[in-house]
Amino acid sequence: MGPSTLQLLREVADVKRLRDARGAGSLADRAFTRSWRVLLQDCSPEAVSDLALREVAHALVAARLAGVDATVLATAGLDRDERLTVLRRAFDAVTATAEGGFGDLADLRAALDPEPRTEELLPAPPAFVNALVRQPRAGATHPVLPRVVVEPPESHGDHCFVTAVYSALVAPRFGVGRGEAFLVALAHHLPNGDLPDAGFGGEVLLGEHYLSVLAALEERSLQQLPRGLAERLRVLLPQRETTDTAVGRVFNTADVLDRVLQVHHHARAAAFTAAQALDDLDIVHPGTVQQFQLGVLAGAGIPVR
């Protein structure tokens with residue numbers, strides 16, 4: 001996995017930090033919630049695969065277009081073909097940076113849906129879903145060292161959704177279906193619907209009680225799901241604790257990538273400079289008014305170089 005592939009992963013992770021006026025929480029939190037609502041409606045293997053393809057495809061688009069989706073484009077008057085062209089353009093732009101690092105993404109591109117979303121008819125999410133969206137992640141903790149607090153913290157919904165996207169992206173390399181990989185990662189923090197996150201330090205200090213606490217609270221969340229979906233997760237979720245299975249290897253690849261890239265994000269954010277915005281990112285955009293705007297800054301004594 002080279003630098004260009006990591007660039008795509010970093011861009012996808014930004015859906016944790018992107019928001020718009022159409023709802024509370026990040027785009028990742030909302031996709032996490034929507035995914036569970038769809039699963040309540042149909043959790044057949046075919047439906048889970050379709051869900052994974054669609055959500056991953058649109059997460060890749062959101063890496064460049066943020067909240068500009070088919071609904072927004074339809075509201076602005078674009079017809080179906082025009083909407084699909086825009087979505088494909090964004091998909092191609094972000095995946096081009098990976099230079100083949102994730103293999104053939106044609107199935108994801110084909111899953112782009114230019115129709116506006118109609119979520120009103122979906123079932124309400126289980127209680128644990130809303131709790132995971134509210135539940136902040138602990139960040140870096142250690143049993144004998146002070147906690148490293150970073151702001152703002154990501155939510156468990158953020159982490160689970162992005163890990164699910166990563167899992168679906170890497171799944172074919174391990175011979176695992178994208179749907180199965182997506183589902184395991186989406187559900188991997190079920191205990192934290194009730195359990196506040198104390199991180200690695202908290203796990204160690206819970207000691208001999210840790211595994212029984214996790215098992216009891218995971219079961220509380222599973223009880224909120226339809227029987228068929230709960231039974232499927234009881235088979236799949238134990239595999240996240242091992243690398244002896246292909247599913248376990250997919251999950252642990254995605255999980256460690258998201259956890260460590262989140263730390264890198266906070267480090268980059270702390271080191272961000274005005275020069276990067278002005279020189280590298282062209283915050284004073286090229287165009288017909290650029291020279292005027294640069295003159296305003298010069299007149300105000302604000303350096304741009």
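How many aromatic pairs does a search of the whole structure find? The search finds three.

## Model and conventions

This is a predicted model, in which local features need pLDDT of at least 70, side-chain atom pairs count only at pLDDT 80 or more, and totals for chains, interfaces and linings use all residues. Residues are numbered from 1 along each chain as its sequence is written, and side-chain values use heavy atoms, with hydrogens and water left out.

## Overall fold

The protein chain has 15 helices and two strands. These are DSSP runs numbered from the N terminus: H or I of at least four residues for helices, E of at least two for strands. The C-alpha atoms fill a box of roughly 65 × 50 × 35 Å along the principal axes.

Of the 305 residues, 45% are buried. Buried means under 20% relative accessible area, exposed over 50%, and partly exposed in between (1.4 Å probe, protein chains only). Among contacts with a separation of 6 or more, 75% join residues 24 or more positions apart. A contact means heavy atoms within 4.5 Å.

## Aromatic pairs

Rings of Phe, Tyr and Trp (its six-membered ring) pair if their centres lie within 6.5 Å; planes under 30 degrees apart count as stacked, over 60 as edge-to-face and the rest as tilted. One of the three pairs is Phe32 with Trp36: centres 6.4 Å apart, planes at 80°, therefore edge-to-face. The two residues sit four apart in helix α2, about one helical turn. Phe32 is buried at 0% relative accessible area. Trp36 is buried at 0% too.

The rings of Phe161 and Phe182 are also edge-to-face, because their planes stand at 85°, with centres 6.3 Å apart. Phe161 belongs to helix α8 and Phe182 to helix α9, so this pair ties together parts 21 residues apart in sequence. Both Phe161 and Phe182 are buried. Elsewhere, ring pairs link Phe32, Trp36 and Phe128 into a cluster.

## Helix α9 and its cover

Helix α9 (residues 178-186) has eight of its nine residues buried, so the rest of the structure largely encloses it. The buried set is Arg178, Gly179, Ala181, Phe182, Leu183, Val184, Ala185 and Leu186. The cover includes α2 (27-41), α3, α6 (106-110), α8 (156-170), α12 (227-236) and α13 (246-271).

Ser167 is found in α8. Ser167 is buried at 1% relative accessibility. Beyond its neighbours within four places in sequence, Ser167 contacts Ala181, Ala185, Val250, Phe251 and Ala254.

## Where α3 meets α5

The axes of α3 and helix α5 (residues 80-95) come within 8 Å and cross at roughly 85°. That makes α3 roughly perpendicular to α5. Axes are lines fitted to C-alpha atoms, for helices over the stretch in contact, with angles from 0 to 180 degrees between N-to-C directions. Under 35 degrees counts as roughly parallel, over 145 as roughly antiparallel, 65 to 115 as roughly perpendicular and the rest as oblique.

The contact uses Ala57, His58, Leu60, Val61, Ala63, Arg64 and Leu65 of α3, against Val86, Leu87, Ala90, Phe91, Ala93, Val94 and Thr95 of α5.

Ala66 lies in the loop between α3 (45-65) and α4 (70-75). Its phi is near 55°, a positive value in a residue other than glycine. Ala66 is partly exposed, at 29% relative accessibility.
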